[in-house]
Structures are given as structure tokens and as C-alpha cells.
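These notebook entries record what I looked up in the structure. I began with strand pairing and then turned to the ligand.

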Amino acid sequence: MNFLEERIIRYGVIKEGNILKVDNFLNHQIDIDVIRQMAYEFQRRFKGKTVTKILTIEASGIAIATLVGLLFNVPVVFAKKSATANCTDDRYVSEAYSFTHKRMNKVLVSKPYINAGEKVLIVDDFLADGEAAHALIDIVHQAGADVVGIGIAIEKGQQQGGRKLREEGYHLESIAIIESMDWKTQTITFRKQEKEAIENANIKASWV
Ligand code: 5GP
């Protein structure tokens, strides 16, 4: 198991309806050491890519994205969610159905924060049906920029987002991929990861 899978086993709570709560270290309380390890793992997995901006979506993606931005030494932009926003000339707007809140959200980024030609690395906490990721991809394309990769902390492999994004040709990296989970027995199984991704759990990199 890698560092994130271990945390999920130790602190994750599975709710009915295929929802995993990881409030202990990611979605409410934030364990900076876990976020730091995620950032280093994304740096390793996207090594060699030119990245000029990190893009995430509020709220829980922000913590991860900031440390990834620190390591890549580029600005971080977070898309805002709104149930009601109208389109205006000064922002890019897309739409995503929220799996957790069961409603359609508008996803917004002000135009000055993504420029044509930029190389954007998308980062988020969870990937389920791929709604949020596709809305962010749509916004990057509206801006005339490129998606160089998508870094996800926890992919729920039983949902179709990961499969779709890989089929579409995106370089998708998920640090933990859940193969199955059962709220009645509180058991989780993970998709097998490459050896390096497990060993990387032990990095003791110091802060810059
Ligand atoms: P998607 O857009 O891929 O369907 O779902 C991803 C988004 O929904 C993430 O940004 C995350 O906030 C939320 N999400 C989806 N599934 C879960 C889950 O099981 N647990 C938590 N905490 N958030 C989830």
C-alpha cells in the first residue's frame, strides 16, 4: 500500500451511496504531511512535462494544488462553483453535475487567470464520474490552453471518470485508485500500483 492508501484504510469512512469520507486528513482537517507527499508524488509522475499553471476546483482540491504549485513553481488557480451564476464576458463558464450534492453546478474561472498557450496541470481530490475534471478541461480549452495532465488524489475506479479520461488520451495519474468499497463491512480494495509509487511513500524530502 502507498501512503495515501494507508491513510484511507486508517481514517476513511464509507457512506451509503458510494461516498468515501476522508475528513480526517483531506476534506475537513488537512494533514499537511499527506498533502506534501501527494505533491512530491505528482511531481515525480509528471516529471519532464512543461507546466505553467495548476488548475483545481474549490474547495478540497485547493490544499493539494497549492503544494503542487510550490513544487512546480507556478501559479495556482481554483475554479469557483455556483448554482446560479450567469455567463458574462469576463469569465469562462462550464457545467458539472455534483456527485456528492446531486445538483448541477456552474464552474467559473475569470479570463485573466488562464491564457492562450498555457500548459495546465489539473489537480483534484476525487475523481468519480469525471464531471468536475471535464468542466475544468472545457475551461482550459475555451482559453486556448492545453491540458498537460490530470493529477487526482483518490480515483473511484468503479465509476467511469477515469476510464473516460484515459480513453480520451489524457495523462491521468491517481495516487490511490479504489477498486471496490462496501459501506456495510467498511472494506476497501485498491487497484495495484507500480512499485515506485509505493516506495515513494517513504520520501522524507525536506521543505525547499
Ligand atoms: P466527479 O465530478 O468526478 O463525478 O466527482 C468528483 C468531485 O466530486 C470531486 O471534486 C469531489 O469533491 C466530489 N466527490 C465525488 N465522489 C466523492 C467521494 O466519494 N467523497 C468525497 N469526499 N468527494 C467526492
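Which residue in strand 6 is the bridge partner of Ser 94? I looked up the pairing and found Val 107. I note that the model is predicted.

**Entry on the hairpin.** I then examined the two strands as a whole. Strand 5 covers residues 91-98 and strand 6 covers residues 103-110; they run antiparallel and are joined by eight bridges. I recorded that the two strands form a hairpin, with four residues between them. In the turn, Lys 102 has a positive phi of about 55°.

I next asked where the ligand sits, and found that the space it takes is the largest pocket. Strand 2 (19-21), strand 7 (119-127) and helix 5 (131-142) are the elements that give two or more residues to the shell around the ligand. Strand 7 provides the largest share, four residues. I counted 16 residues around the ligand, of which Leu 20, Ala 128, Gly 130, Ala 132 and Lys 156 come nearest. By class, the shell holds seven nonpolar, four polar and five charged residues.

I listed the distances to oxygen atoms of the ligand. For Gly 130, a backbone N or O atom lies 2.7 Å from a ligand oxygen. For Lys 156, a polar side-chain atom is 2.8 Å from a ligand oxygen. For Asp 124, a side-chain N or O atom is 3.0 Å from a ligand oxygen.

Conventions:
Residues are numbered from 1 along each chain as its sequence is written. This is a predicted model: local features need pLDDT of at least 70, side-chain atom pairs count only at pLDDT 80 or more; totals for chains, interfaces and linings use all residues. Side-chain values use heavy atoms; hydrogens and water are left out. A residue is near a molecule or strand if one of its heavy atoms lies within 4 Å of it. A polar contact is a pair of N or O atoms within 3.5 Å; within protein, one must be able to donate a hydrogen and the other to accept it, and residues adjacent in sequence count only if both atoms are side-chain atoms. On a 1 Å grid over the protein atoms alone, a cavity is a set of points where a 1.4 Å probe fits but cannot get out, and a pocket is an open set with protein on both sides within 12 Å along at least five of seven lines; lining residues have an atom within 4 Å of a point. A molecule sits in a cavity or pocket if more than half of its atoms lie within 2 Å of its grid points. Ala, Val, Leu, Ile, Met, Phe, Trp, Tyr, Cys and Pro count as nonpolar, Asp, Glu, Lys and Arg as charged, and the others, Gly among them, as polar. Two strands pair if DSSP finds at least two bridges between them.
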